[in-house]
Every structure is written in structure tokens, then in C-alpha cells.
Amino acid sequence: MSKEITIPIGPQHPSLKEPGCFTITLDGEKVVKAVVGVGYNHRGLEKACEARTYIQDLYIIERVCGICSHTHSTAFCQAVEELAGVVIPRRAAYIRVIMAELERLHSHLLWLGIAGHEIGFDTLLMYSWRDREKVLDLLAMLGGNRVNYGINTPGGVRRDLEPQMAEDIKTVLDYIEEQNKYYIHLALSEATLAARLGGIGYLSRDDAIKYGSVGPVSRASGIPDDVRVIDQYAAYDDIPFDAITDDHCDVFGRAVVRVLEIMESIKIIRYALDNMPDSELVAKMPRRIPEGEVISRTEAPRGEDIHYIRANGTDKPDRVHVRAPSEANWHAMAHMLEGDYLADVPIIIAAIDPCYSCTDRAIVLQDSDSGKEKIWDWQGLRQYSIDFYKKRGFDASQIKVAEKKIII
Amino acid sequence: MELEEKVVKTIVERFPSLEEHIKVQRRQRIIIDSLVRKNFEQVFAFLTQEAGFTTFHLIIGVDDGDDLGFVYILSNADNIILMLKQSAPKSNPVIESVCDTFPNALWHERELVDLFGAVVENLPPGPTYPLPDGWPAGNYPLRKEWKVEYFDRETMTYNPPQEDANEEQSTNGGSK
């Protein structure tokens, strides 16, 4: 008779380079029980928001997640705008959509690389992260940053999109589209990939509903729950696209949904660029937000992102609550792991594209050395990293860096 | 907003006393005023078992002064979001777990325990979430009277000035 053993995986870097602890009970190599432990990143964002104005909160909220920062700031701004009874200018709504879809592109390409890495297919990691860099360059061009773009503000957006920027975006989209066709071909026809991902991390449609899964996880179980379709916001009501679903219900299905969603995002951005109306960028917002409470939803790359704000008539919210998509997707994790092999645990965890900071919600980081605020430009950051490694015996100053112009 | 009005009508037909307390906020949003525990449980059971609100999204804790509020976010097949609320006094903040109906409520309810000091009856056993091990008992950081500036991270102790400490003692209800 076999004997069950229980092992901890994590909290340091269980599959991804973020903290989470999975207590796995094994019978031989089979997982018979899994307990998910998170909470290592909880730093009190919601309390911090209550003590600050809506504008100050925007900067905290944008830093809930480094990968999908725009979706959080959009959900937050939408909630504040609804409370204030303000409708944002149409051009601002289109710019929000373009940023959101670029964010989805880079997030899905990031995931594709991680998924490749977890199954020992590091060539895919290199390919997709190379492509992702080009999307990050676009985001840096539009917002000034690779992450935390600072585009949103209550009432609209802070920066316009110039005609030349639209051309640069289209050039990169053509490239990403060609590359992604190859990834789709790979996902749908490569036998080793199908054998490695098929049938593992199984989550039936009923279980996806029972555990409240969202995003590509639930859509890979056949549930059409894309918030861009079911609770339209920004300019999604104007833009034609297909909400992708799949019925494999496993890690393979989640991969298929994501690579097909990349094509839809490209379609959405192209349409938005060609049909963007001229208008103001920001509507006038009151400083004091009238009393009330609202729920705001957006479709983050990982699924449904919910923000709740209760206003008390002042310039500070009474309560802010964030329910990020990763938080919803953890509930089904133990169920997905049970019955599979230990070797499959990393890819099953990675297949929900978990974001630990989103789950636990983070507070803005501070300079721990000086405690002072400091603004770093691109060159300054680069110099800091060169000096950092030079002290440790590696001189990176001779490495040629591509100019900050998009190069394909 | 025909679908939303239809939902309101269904609820009011079953609970006529809610007529003044339920409103369509906008398209796809319905909100019901706060209910006491007994009424909440009846309405919650009706919504989830008979009225088609079978998707559970989250629970949000709020501080209402002498009471704690709990906002339950549900939706139906037409993607209408419904905000249903219950309140309980801070001196005895007891609510019933909804994990039997919705397993994904588990972490949200644990969060209410840690951050608001709610006492959730029939909450399945397991680790606390999200506060760290060693967090001092009786400290509920999302209650308004809990001030972050009085918390010492090094020693993990809460040290309010004397007058605040007395007030704290009288308002902090159930123990962790």
C-alpha cells in the first residue's frame, strides 16, 4: 500500500518568480491534495487609498500590478467617473482601448514565454519575449513607461496619440501578427506541445462556474465571460471583435485561447486607430465626488477585474476594494492540481497566468535607502544598472543598445 | 433597462417590504439597501436558488461607524450585477458563511475576518488570509478607528495614544 507524503512548494518562486506556497500531498507522483497559500504580498493598498485623494489613489491603483496596470487604473477611473456622473470624451475612450489591448498583447506574449519555459521549451520563451519587447517599446512611446503608463486620469486620458505613433503601432502589429500566426500553428499542430499540455489542469465548465474562474481560464472551459462583451466599457461597444472560447478545459485550451486572443487584440487596435474620432481628451471632473457606491468592471489580460468605490462626498474615497482576476482564479487551483502528476504542477500553476501582487494588492514602493523621492530617466536607470554590475565584476557599458526608435 | 426592471419586480413580489429599498442604479446594476442578518439570509437564498443569481463575484467589507457592512456582489445569466448588503454591529459582528453555496467566497470571508474582525460562522477551517503570522490579535486594519501610524512594524504592536486606546477598547468587538 502506498504512503502519502506532503511537501511544500514555495513560498520562494514556486514556478513563477513570485511568492506563494503550495502544500502538495502526493501518492507516488500523483497529487492527491493541494492547499494554496498566498498573502505574502499584502501591503495594505486599500487602507492607503482611504487616506488619499482620488488623484493620489490613481497612482497607487496603477501599481497594483506591473503587468496589467492600465486595466486597474481604467476600472478605478470608470468608477470615479460614474460616481461623478461624468462621461469621458470619445477619443479618450478609444485611447483607453488601444492601451488596454497593447497591454493584453504584451501580457499574453509574456505568458506564452513563461509557459514555454515551464515545459522546457525555452526557444518559445526567447521568441515570444523578443516580440513582447516591441510591444513594450510601443507602450513606452505612448505613455513614457514600459509599465505603469500613466495614461488614465479621472475624466479621460492624459496623452494624445499622434498620427506618427499610429503608423509605428501598425508596423509593429504587422510584425506581431506574422509571428503569432506561427505561434498559433505551433499551438494547434505541434504534437509534443499538445501531448505536454493536453489533459492536465482539467477544469470542467461546471467547475469553472462553481469556483468562479475568470478570463482565459474560464473561456478555455467554454464560458463566454469576456467583460468587453458582457459589460461593455470604454469604446468596446463600437469595435467589432470575437470573444474567444475553447472547450478543451485544460492547459492546452488556455494556451489556445491566449494565442487566438492576440489576433483579436491586433484586430481591435487596428480598428480603433482607423476609426478614432477627434475630441477633447479629458472631461471636467469635480474635486469632491458625490456620495454613492459603484462597481466597475474591466477585462484584464487575466480576466474580470472588479473595483468597488464608496464615496462620501469629499475628495477622498470612503472605501476602495480591488478584486483582481488572479484572486478569482486561485479558487480552482487546488481542484486543477489534484489528480495530476507532480511534474505538471509548475505549468498548471502558470496556466492561470497568476499575478500574486494582484491577488494580494500592493502599496506603492518607496526608496528604502534615502526615503526621498527621486525621478530616474531612461539613461539614469541604465547607468545605475551598469554601475551595479561593474561593482560585481561585470562591465556592461560596452554592450550596444538599440536606439529608442522602434526597430524591427 | 427592461431586464433590470423585471428582476426588481421578481424580488419585490417575493419581498414587498424591499420596494423602497431596491433600485436600478444603471444598465446592468441593481442595488439593495443594507439588511439585517435574518432578512439578508432569506433574500440571499431566494436570489441564488430561485431568481437566477448563480454567479458570485466577491464580498466587500465596509465600516459604517457602529456597524460593519458586507456587500455581496452577484450576477445572473443576463450579466446583471446585484449588490446585496447586510450589516452587523461591531460589538457582535456575526455573519453566516456562504461557502456552502459558493466555494469561491472562502478567501473573501477570511479577508473579512482578518481585516474587519468579522465572525463568520461555519467558515471552513484553514489558514488565515491575508495578514501575516504573528499579527496581533484584536487589530483589524480596515476598521476606520485603526490608524496605520500607531502600528509598529518592527515589534508588530499597536500603540495608540492613551485616549485613543480607551476608545479602541470600547469599539473593537469580537476577538480574533
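## A buried loop residue

A:Val214 counts as buried, because it has 30 C-beta neighbours inside 10 Å. The model discussed here is predicted.

**Setting of A:Val214**

- A:Val214 lies in the loop that runs between α8 (205-210) and α9 (215-219) of chain A.
- When neighbours within four places in sequence are left aside, A:Val214 is in contact with A:Asp225, A:Gly303, A:Glu304, A:Pro325, A:Ala328 and A:Asn329.
- Between A:Val214 and A:Ala343 there are 129 residues of separation in sequence, and their C-alpha atoms are 25 Å apart in space.

**Chain A as a whole**

- Chain A contains 16 helices and eight strands.
- The chain has 408 residues, of which 47% count as buried.
- Of the contacts in chain A between residues at least 6 apart in sequence, 71% join residues at least 24 apart.

**Helix α6 of chain A**

- Helix α6 of chain A covers residues 163-189, which gives it 27 residues.
- From its first C-alpha to its last, α6(A) reaches 39 Å, close to the 39 Å expected at 1.5 Å a residue.
- The buried residues of α6(A) are A:Ile169, A:Val172, A:Leu173, A:Ile176, A:Asn180, A:Tyr183 and A:Ala187.
- The cover over these buried residues includes α4 (90-118), α5 (122-143), α7 (191-197) and α11 (251-275) of chain A.

**Packing of α5 with α6 in chain A**

- The axes of α5(A) and α6(A) come within 10 Å and cross at roughly 160°.
- Because of that angle, α5(A) is roughly antiparallel to α6(A).
- The crossing of α5(A) and α6(A) is left-handed.
- On the side of α5(A), the contact is made by A:Ser128, A:Asp131, A:Lys134, A:Val135, A:Leu138, A:Met141 and A:Leu142.
- On the side of α6(A), the contributors are A:Met165, A:Asp168, A:Ile169, A:Val172, A:Tyr175, A:Ile176, A:Gln179 and A:Tyr183.
- By class, the residues of the contact of α5(A) with α6(A) are 10 nonpolar, two polar and three charged.

**Packing of α4 with α5 in chain A**

- α4(A) and α5(A) pack with their axes 8 Å apart, at an angle of about 160°.
- The angle therefore makes α4(A) roughly antiparallel to α5(A).
- The crossing in which α4(A) passes α5(A) is left-handed.
- Residues of α4(A) in this contact include A:Met99, A:Leu102, A:Leu105 and A:His106, and among those they meet in α5(A) as a group are A:Asp122, A:Leu124, A:Trp129 and A:Arg132.
- The contact of α4(A) with α5(A) is made up of 14 nonpolar, five polar and three charged residues.

**Packing of α2 with α3 in chain A**

- Helix α2 (residues 54-61) and helix α3 (residues 69-84) of chain A have axes 9 Å apart and pack at an angle of about 155°.
- α2(A) and α3(A) are therefore roughly antiparallel to each other.
- The crossing in which α2(A) passes α3(A) is right-handed.
- In this contact A:Tyr54, A:Leu58 and A:Ile61 of α2(A) meet A:His72, A:Ser73, A:Phe76 and A:Val80 of α3(A).
- The contact of α2(A) with α3(A) has five nonpolar residues, two polar ones and no charged ones.

**Contact between chains A and B**

- Chain A gives 21 residues to the contact, and chain B gives 20 residues.
- On the side of chain A that touches chain B, the elements that give two or more residues are α1 (45-50), β7 (303-311) and β8 (317-323) of chain A.
- The residues of that side of chain A comprise six nonpolar, seven polar and eight charged.

**An exposed residue of chain B**

- B:Pro124 is located in the loop between β7 (119-121) and β8 (151-152) of chain B.
- B:Pro124 counts as exposed, because it has 12 C-beta neighbours inside 10 Å.
- Residues up to four places away in sequence not being counted, B:Pro124 touches B:Cys99 and B:Leu106.
- B:Pro124 and B:Ile11 are 113 residues apart in sequence, and their C-alpha atoms are 30 Å apart in space.

Note on methods. Residues are numbered from 1 along each chain as its sequence is written. Chains are lettered from A and ligands numbered from 1 in the order in which they are written. This is a predicted model: local features need pLDDT of at least 70, side-chain atom pairs count only at pLDDT 80 or more; totals for chains, interfaces and linings use all residues. Helices (H or I, at least four residues) and strands (E, at least two) are DSSP runs, numbered from the N terminus. The expected span of a helix is 1.5 Å times one less than its number of residues. A residue is buried if 20 or more other C-beta atoms lie within 10 Å of its own, exposed if 12 or fewer, and partly exposed in between; C-beta atoms are placed from the backbone. Two residues are in contact if their C-beta atoms, placed from the backbone, lie within 7 Å. Ala, Val, Leu, Ile, Met, Phe, Trp, Tyr, Cys and Pro count as nonpolar, Asp, Glu, Lys and Arg as charged, and the others, Gly among them, as polar. Axes are lines fitted to C-alpha atoms, for helices over the stretch in contact, and angles run from 0 to 180 degrees between N-to-C directions. Angles under 35 degrees count as roughly parallel, over 145 as roughly antiparallel, 65 to 115 as roughly perpendicular and the rest as oblique. A crossing is left-handed if the near helix is turned anticlockwise from the far one by less than a right angle, and right-handed if clockwise.
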